[in-house]
Amino acid sequence: MITTVCLNSASKRFDSCPAADISDLRVDEQNIVWADVADPTSRDFEDLAEEFGFHPLSIEDCRNEHQRPKVEEYEGYYFIVLYEASLAGPTDALELRELNIFLGPNYLVTVHSRPIRAVETANRLWREWSDRAEHGAGLLAYLLIDSVVDDYLPLLDVLSERMDDLEDQIFGDFKPEAIQEIFRVKKQLLFLRRTVTPLRDVFNTLLRREQPVFRRETHVYFQDVYDHLIRVADTIDTLRDMLSSTMDAYLSVSGNRMNMIMKRLTSVSTILMSVTLIAGIYGMNFDFMPELKWEFGYVFALLSMVGVGVGLYAYLKKVNWL
Amino acid sequence: MITTVCLNSASKRFDSCPAADISDLRVDEQNIVWADVADPTSRDFEDLAEEFGFHPLSIEDCRNEHQRPKVEEYEGYYFIVLYEASLAGPTDALELRELNIFLGPNYLVTVHSRPIRAVETANRLWREWSDRAEHGAGLLAYLLIDSVVDDYLPLLDVLSERMDDLEDQIFGDFKPEAIQEIFRVKKQLLFLRRTVTPLRDVFNTLLRREQPVFRRETHVYFQDVYDHLIRVADTIDTLRDMLSSTMDAYLSVSGNRMNMIMKRLTSVSTILMSVTLIAGIYGMNFDFMPELKWEFGYVFALLSMVGVGVGLYAYLKKVNWL
Amino acid sequence: MITTVCLNSASKRFDSCPAADISDLRVDEQNIVWADVADPTSRDFEDLAEEFGFHPLSIEDCRNEHQRPKVEEYEGYYFIVLYEASLAGPTDALELRELNIFLGPNYLVTVHSRPIRAVETANRLWREWSDRAEHGAGLLAYLLIDSVVDDYLPLLDVLSERMDDLEDQIFGDFKPEAIQEIFRVKKQLLFLRRTVTPLRDVFNTLLRREQPVFRRETHVYFQDVYDHLIRVADTIDTLRDMLSSTMDAYLSVSGNRMNMIMKRLTSVSTILMSVTLIAGIYGMNFDFMPELKWEFGYVFALLSMVGVGVGLYAYLKKVNWL
Amino acid sequence: MITTVCLNSASKRFDSCPAADISDLRVDEQNIVWADVADPTSRDFEDLAEEFGFHPLSIEDCRNEHQRPKVEEYEGYYFIVLYEASLAGPTDALELRELNIFLGPNYLVTVHSRPIRAVETANRLWREWSDRAEHGAGLLAYLLIDSVVDDYLPLLDVLSERMDDLEDQIFGDFKPEAIQEIFRVKKQLLFLRRTVTPLRDVFNTLLRREQPVFRRETHVYFQDVYDHLIRVADTIDTLRDMLSSTMDAYLSVSGNRMNMIMKRLTSVSTILMSVTLIAGIYGMNFDFMPELKWEFGYVFALLSMVGVGVGLYAYLKKVNWL
Amino acid sequence: MITTVCLNSASKRFDSCPAADISDLRVDEQNIVWADVADPTSRDFEDLAEEFGFHPLSIEDCRNEHQRPKVEEYEGYYFIVLYEASLAGPTDALELRELNIFLGPNYLVTVHSRPIRAVETANRLWREWSDRAEHGAGLLAYLLIDSVVDDYLPLLDVLSERMDDLEDQIFGDFKPEAIQEIFRVKKQLLFLRRTVTPLRDVFNTLLRREQPVFRRETHVYFQDVYDHLIRVADTIDTLRDMLSSTMDAYLSVSGNRMNMIMKRLTSVSTILMSVTLIAGIYGMNFDFMPELKWEFGYVFALLSMVGVGVGLYAYLKKVNWL
């Protein structure tokens, strides 16, 4: 389904128009045309290729999902692939939704097979920022990309909170299952990083060379997106570093618990074996064992068992082995 | 065995022709000649050297297999070495098949000692794409290299699935043997990476400088191959990162299991030693042990043993040591 | 709250003046105006934007705290974000306080929501260095940034001392809790590094290109700041390396202690079991066991128990298992 | 000992000549002079310095062995240091033999204190390749360096085979001593890498800039050496990566064995303690223990011991603890 | 204390002269003046600043010790900070002594608060090399820096020998305390690296750009220093790599020993428990136990105990568990 909006940057008027009129509208350089293609059919792709003259390779990239995030320069337009991320479902699994952008001199085409929140946001903000219409299609691209990038930050906050929880699970009441959660967060960070870093690198080179499509004044906006991308990438790296420390802490605490368990085993064995030894001694069948004849021999034996047991217990408690 | 196909880019006609005619065909710049040399003999190499004037060093590289993937510039042609990869045999071992490409202005020579799937694919696609014949031999090279590179992706999917299996083997019902599989996948990723990254780096430099052999319009196709190579390399790196996390998880879960085993050992020892202690006590030979005279002393002793055993068991179960 | 100070670089006179006069003062290029905005209100931001014509994006960055440290070039001014760090509270938690600096040709605007020590220091030094007033607003920026950066060093000394303590806790009387402290220092270094390295990288590029705002003579001062930043960053990296060695040492010593514990367990078990065996032997009910009839059989048995126990103890002590 | 060979590139004639004639021969640019100095005396160095005018610093580098591999540009000649490697002695220790090369426009001086295999090889090949004499001294240098570099590959094959052995020792019948072999191979790879990578880096820069000494046509040969160096360096890195995986595998398998041992300990303890408990019970001295009076009480007790023992054994075998 | 030496590069005459004459001597470009300031007072710094016109920032760096090694370019001179290293005291602790060098066109000023060995060495060599006086102050700087750098090598040899000792302590008769020595060497390498790498990096950039102060012919000497710096840095990195392998080996051997200990524990427990079981059986009180009546029952029991014990011992010895 293709939704088309056209902004006349002179009159500042927004018009939604049928897809068929795009050709006419594009002729007037004052017009900025945004065609949003949701859940595209094979037919839609052919229309796009014909109407805007997109290179077969970029159309193909659009069709085959699971591209890496990138910004490619074709004759007369930029082809941008990026991913909107969110945590979804009962297990907070990371969901990545692909968004393809064709950015031309006075038009922008967005293609996506799943609903993209950033499209709504950019639509709303575009209307609010109509006073900056002179920045052209570049501004609209900025609004879109910035919405996508800004959505990464709350997501990283969620992951950061989870890592605080993990810390509690390790240093507080140790939970061996924490390893599974560590592993899950690690994978999510890995996938997020893969989504963000190529984009950051591409923006880096993009902003350093001559820009025929982005106007001079629009440049500062893309600088801003780049800055946010660096921030997101830095935060991901910091979280990864912290997670690896968390992993180390997990292993150490797990090792300490093992030491504790072994100490307990040694202690319990020592106490029980010592007490049993006394019972063993009075179980010997010597003819001449004076204690056996004593009236309170039995009580004496039991008391000495208790005495040895309590004594060892107290000693081991004192040296922190129990 | 040399198979020769010639495409006249004006008439769009494909002709297969005897190897002997290559010289004549090459003279006409409209002709694009593809000579595929399968399982080359020493004689074939001499013919190639003579016919195309290839430098002795590149011929030698062709002869000695096990070169690293590379793109080398010689006077008048490019010499490209790359590897087709697949998982073969009952153990899904990684198999790498070398493909040497000589790319000249209007000819392409492929040399390989084992059958290469990409040669078939490129052959088929070349005929389908005959309308783009004006791109010359470069397009043909693109089709070949792209087929090779695209074949890496399903292979990575297989490895990715294996890693999901590994995860199940670790977090589900722990299998110590998983380490061997982790090790195998690690080695396969290592070899794959060694096959892909040099190629990616070479394409990177290739695309950034002046290209006398690739025509301007063909450039975008090689950009596409480069993009795929980055995607493959990125995926390999991600899988490597995930595998190292899997390894960490393996070690942690293995350590947790050790903790569990030690706890069990401690628990079982404690219970059995405690119960044995009671038996030891009533095995003492004191003359005055009132319980020994009781009619139900024996039953009492057995019951207290059971009581101590069950009590300890319940306690240890509760604190999660059993 | 806006505090404004103006230095006339010709007369070397300092005047504090109402915020409303800034426009007039800025006209005279001899004047250097410093407006310090503490705990800014929404109104203050609007005033700043209007008075100095700051770009909306930089104002927005100012409003939303938690930017990454950076130096951005806008038309006519630089926008600098950096963080003052200190250890605060009973647990010596790392506290980062954001400082935003707008550096124009002859003015400097500082914005911060929490009190910044460096503002005091720079204020004091500016008056002392009034003889170098010809360096303009750049010198003032240098004083501010240098104060912030120099404050990192004592903080790193504190962390370094803590690591010496950790070393004692590991190699001296091993404390398993040390892991928690290691983890805390690791996180603090991580956050510090994130505060310092982006700034260092930005200064690196800043100093290597043409500087229209920093005058030639001021350049050497920023070189000095850069040098300090490298030193701080190097020290952080060294501390990180040392902390990771400390972590390794912790794990090794922890493992050695485990070995020691296991040796003790083995030793204690061996001694007690051996002694109990003797008791078990003389607890057998054979009709013909000559020792049982001996008058000193019991004493003999006890003595042999002591003998075996002491002998094993001495042996195990000798081979360092106890 | 100085051995001198001279090739006249016009007449393609090889002459061995006394060291004293070098000056005369060098005057004719057609002549290519190779002076090989084996086991040089202090006098030889002085002669070289005087005859060829080598810079004191390069002579000094020649004298003091244990330089790092390098290519240095001096006025009128290149000074090259590289190492021939082989595995020698009963323990296959890595042996590095230094080779110093002075490469001038039409002469080549090699200095080495131990016999170098590559000198023999280059000598032989130079005579075979006399038809390419127009490449001058550069070709001779190529032959020498290429012989040295090519000798690394079989050596790496040996190390690779050793690593396969190690794998068998880990996954087959685990041998704890494998760690020592892992350590040895690691050290050898480390030293090899140190021998190869500086050379690779130097060739990289060498080939990218203007080459007054290497003629245009010779360039492609050095490109070939560089390619081999990359291959060797890549292989070393791959082996290092694999060795670190091997190390991980070693640790994991070692840990798994520990788990197995602990399980056995628990199992054996459980069985023996349970059986002993039965003996303990019937060792109690109660007056009323009906079993004691039974005629087959003893047999019954023994049978129940066997029953408990076998039952536990079967159970533990089933759950894979024994 | 300021010591001044002056070399007239025409007459090759060395003169020591009072500090007050420096101004006069410097005027003649033929003179090369070296002022060595040992243990400088506040007054000395002021004199230097006045006499040579050093920038306040470089004087300040000189005053505050603990700078990082660096080479800074000021107007008319270079400011160089480097560290002389040695192992001192009974524990062979690493000692770093700071040396500040001001290198001008025809003068060199060295400032250090502790005695520097390289100052002696350079002084001696300068006189020996007076025939190369035309290289000016640069040669003197070379002699100084080279002496400092060359002193790193024997120090690294000491560390390398210590690491061989460590290897013996790990693979020979394992000493758990080795970890502390590993940790110490690691820290020393860390500090050494921090002393060498910044210098190497600075020389790298220094040698690649235009050098107004170093004359063309002097350049080759600094190239030589740079080469030595790379060698030192490479050696440090190699030692670090080897140390980390040593650490891995330590952990592995420590783990193997744990396995051995656990096996022994299991073995000893098994033997003692089995023997005790026999005693337990004959301690049962059944009325009908034929063995108890046998005349040699006791001996039989003892023999069977010995038999079981020896049999198990032999078996466990055979399977390498004891």
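**Ground rules**

I worked on a predicted model, where local features need pLDDT of at least 70 and side-chain atom pairs count only at pLDDT 80 or more, while totals for chains, interfaces and linings use all residues. Residues are numbered from 1 along each chain as its sequence is written, chains are lettered from A and ligands numbered from 1 in the order in which they are written, and side-chain values use heavy atoms, with hydrogens and water left out.

**Entry: cores**

I looked up the nonpolar cores. By this term I mean buried Ala, Val, Leu, Ile, Met, Phe, Trp, Tyr and Cys residues joined through side-chain atoms within 4.5 Å. Buried is under 20% relative accessible area, exposed is over 50%, and partly exposed lies in between (1.4 Å probe, protein chains only). The largest core holds 464 residues. A:Val109, B:Val109, C:Val109, D:Val109 and E:Val109 have the most contacts inside it.

I then checked E:Val109 for contacts (heavy atoms within 4.5 Å). I left aside its neighbours within four places in sequence. Its partners include E:Ala35, E:Val37, E:Leu48, E:Phe52 and E:Phe54. E:Asn100, E:Ile101 and E:Phe102 are also in contact with E:Val109.

**Entry: chains D and E**

I counted 53 residues from chain D and 46 residues from chain E in the contact. The size of an interface is often given as the accessible area lost when the parts come together. Buried area here is that loss (1.4 Å probe), summed over both parts. For chain D and chain E it is about 4,400 Å², and carbon and sulfur atoms give 65% of it. On the chain D side, D:Arg68, D:Phe183 and D:Tyr298 lose the most area to chain E, together 17% of what that side buries.

Next came the salt bridges (a side-chain nitrogen of Lys or Arg within 4 Å of a carboxyl oxygen of Asp or Glu). The rule finds seven across this interface. One joins D:Lys186 to E:Asp248, with the closest N and O atoms 3.4 Å apart.

Which element gives the largest share of the side of chain D that touches chain E? It is helix 8 of chain D, with 19 residues. Helices (H or I, at least four residues) and strands (E, at least two) are DSSP runs, numbered from the N terminus.

I also followed D:Lys187, which lies in helix 7 of chain D. D:Lys187 touches E:Glu167 and E:Met242, not counting residues up to four places away in sequence.

**Entry: chains A and B**

I found 53 residues of chain A in contact with 46 residues of chain B. The buried area between chain A and chain B is about 4,300 Å², with 64% from carbon and sulfur atoms. The rule finds seven salt bridges across the interface of chain A and chain B. A:Lys186 pairs with B:Asp248 in a salt bridge, the closest N and O atoms being 3.4 Å apart.

I found no contact between chain A and chain D, whose closest C-alpha atoms lie 9 Å apart. Chain C and chain D do not touch either, and their nearest C-alpha atoms are 9 Å apart.

How values were computed:
Buried area = accessible area lost by both parts, 1.4 Å probe.
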